[in-house]
Amino acid sequence: MPPHASRRTLLTAAAMVAATAAGAASAAFGTHGAPDDPKSPDGPPGHHPDRASLRRFVDGMSLAEKVGQLFVSRAYGHSATDPEPADAEQNQTLFGVRTAAELVSRYHLGGIVYFAWAHNTRTPHQIAALSVGLQQAALTSGSRIPLLLSTDQEHGAVARIGAPATLLPGAMALGAGGSTADAQRAARIAGAELAALGIRQDYAPVADVNVNPANPVIGVRSFGSDPHAVAALVAAQVRGYQGAGVAATAKHFPGHGDTETDSHVGLPVMRHTRAVWEELDEPPFRAAVEAGVDAVMTAHIVFPALDPSGDPATLSRPIVTGILRERLGFQGVVVTDALDMAGVRQKYGDDRVPVLALLAGCDQLLNPPDLGLAYRSVLAAVEAGELTEARIEESVLRILELKSRRGLFDEAYTTTDAVDATVGIRGHRDAADQIAAGTTTLLANPRGLVPIDATAGPRLLVTGTDPASPTGTTGPPTAVLARELTALGCRATAVPPARAAAAVPGHAAVLVCTYNVPESQGDDPQHRLVTDLVASGVPVILLAVRNPYDPARLPACAAELATYSWTDVEMRAAARVLTGVARPAGRLPVPVPGRYPLGHGLSR
């Protein structure tokens, strides 16, 4: 391909190559009709195969192929076959191969998970081309089973794919909006765009009930603290994602909402009693199961009331099999949280973790730190009799059934046309703004400062914290807010905190963005900034752009708002509320201790 070839040309060419290379398997995967023999060596039966047909196909797979289907691994590079040299080197070091395509073939993988830091998610056309190349590798090797490509696209604080794809309000913002219709609509849009990129499993929605303001890892990723409200929104998002053809994944079972340790770096302990768990943590997961969720992700947390062994839930048979399978009746795919996280690696070695996860009842083994070691360990456990081949086949069958439900045996590839017709289109972007309009929460307005009369062209100073964009494609939030306020008629200027105090004179108001102000202020720079600005005498409007707990940890301001995210869509929504273009409609989905109750929110 010449160096000036466009991404569109590359994607079209990749799809043509893939279709040609997969010719031998086309009948099996529904591109030209299903084979008469369900045991056809060309691949598994196509066109919505039934369980019996899939079971017969599994019976014909080698043990190595069955074990491979259980693994979902990272792979470095923007391309399946032609990664940048540094990514090829990383693949070689970690996996013994240079390309993602070779990785799929070597380990007979069931899936690949996309990450921005692995350079998988640059642009929509590049992502789709990567998906096509990976499916080509799967469909032309081993059992010729399509991959389940996945990512964490929760929106809000966690997203792997950025603009020009549509970025929507995150979970707590949707919780503030309180509309199950909007939650379902957001998930359907997100799912449609993922499917167009070739990604057919999303690790969302978060079903954790966030009742701990000190929770370092969930927070605004949760819909809120009311288990029944969270349950309704989780079920709505399950319907939205899966209505768009993407497997939803409710996480993090049995509930990660009341922990003070991040399982990425440590092993959290949940202190809830069994009765509290049934009342608080269980309802969203039960709602997800009743909504037909395709997958549930386990948490790397110790939950003594559910299993006193001290094993994390991911490795706990009483939790995964006893509660999720037997109590809740979940028959779908159980996927572990990432196995490279510290929470699951503290008690057992990397060779034991995947085996114990399978013994607990998990199906998909997500992102082990050493794929080769994990793969060999599962094979060895079968050969030693610790795991039976029948147990492996149970999980493989569930995984293949999920792939069948999501249409991968009918059509595994995406196309340029699908990307162009779906990803980041105007209708989706407008819908994102409409949904966000109902999420901004006006917490305090004692002086009636909001709405600001933009027709008078007031001079506004915007300052505060500018956290990094979750996708690297939005923000910085203070600049976005200033730009949007100016577009609505104000004269707004963004300045860094170090220059804010000196710039205050001559402004009608100062808007300050805060981000997770700590409970113990000490010499916290955000607390010092707000204190100095309030002392200036110019009205200060506070915007808590992540967790809504900030106002209780800062001096009272002339007006206080919560946006629940610092992405562009929420900054645009805040600007419209601030200037009266939209009425504030959000209600707190969590209480702010010492300041505001659950459900609080002003209409003006």
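User: Is Trp 277 buried or exposed?
Analyst: Trp 277 is buried, at 0% relative accessibility. Buried means under 20% relative accessible area, exposed means over 50%, and partly exposed is in between (1.4 Å probe, protein chains only). This is a predicted model: local features need pLDDT of at least 70, side-chain atom pairs count only at pLDDT 80 or more, and totals for chains, interfaces and linings use all residues. Residues are numbered from 1 along each chain as its sequence is written, and side-chain values use heavy atoms, with hydrogens and water left out.

User: How many aromatic pairs are there?
Analyst: Seven. Rings of Phe, Tyr and Trp (its six-membered ring) pair if their centres lie within 6.5 Å; planes under 30 degrees apart are stacked, over 60 edge-to-face, the rest tilted.

User: Why is the pair of Tyr 107 and Tyr 375 edge-to-face?
Analyst: Their planes sit at 80°, so the pair is edge-to-face. The ring centres are 5.2 Å apart.

User: Where are those two in the chain?
Analyst: Tyr 107 is in helix α5 and Tyr 375 in helix α13, 268 residues apart. Helices (H or I, at least four residues) and strands (E, at least two) are DSSP runs, numbered from the N terminus.

User: Which residues form a cluster?
Analyst: Phe 71, Tyr 107 and Tyr 375 form one aromatic cluster. Tyr 107 is buried at 9%, and Tyr 375 is buried at 8%.

User: Back to Trp 277. What does Phe 253 form with Trp 277?
Analyst: An edge-to-face aromatic pair, 6.4 Å centre to centre with 85° between the planes. Phe 253 lies in strand β7 and Trp 277 in helix α10, so the pair ties together parts 24 residues apart in sequence.
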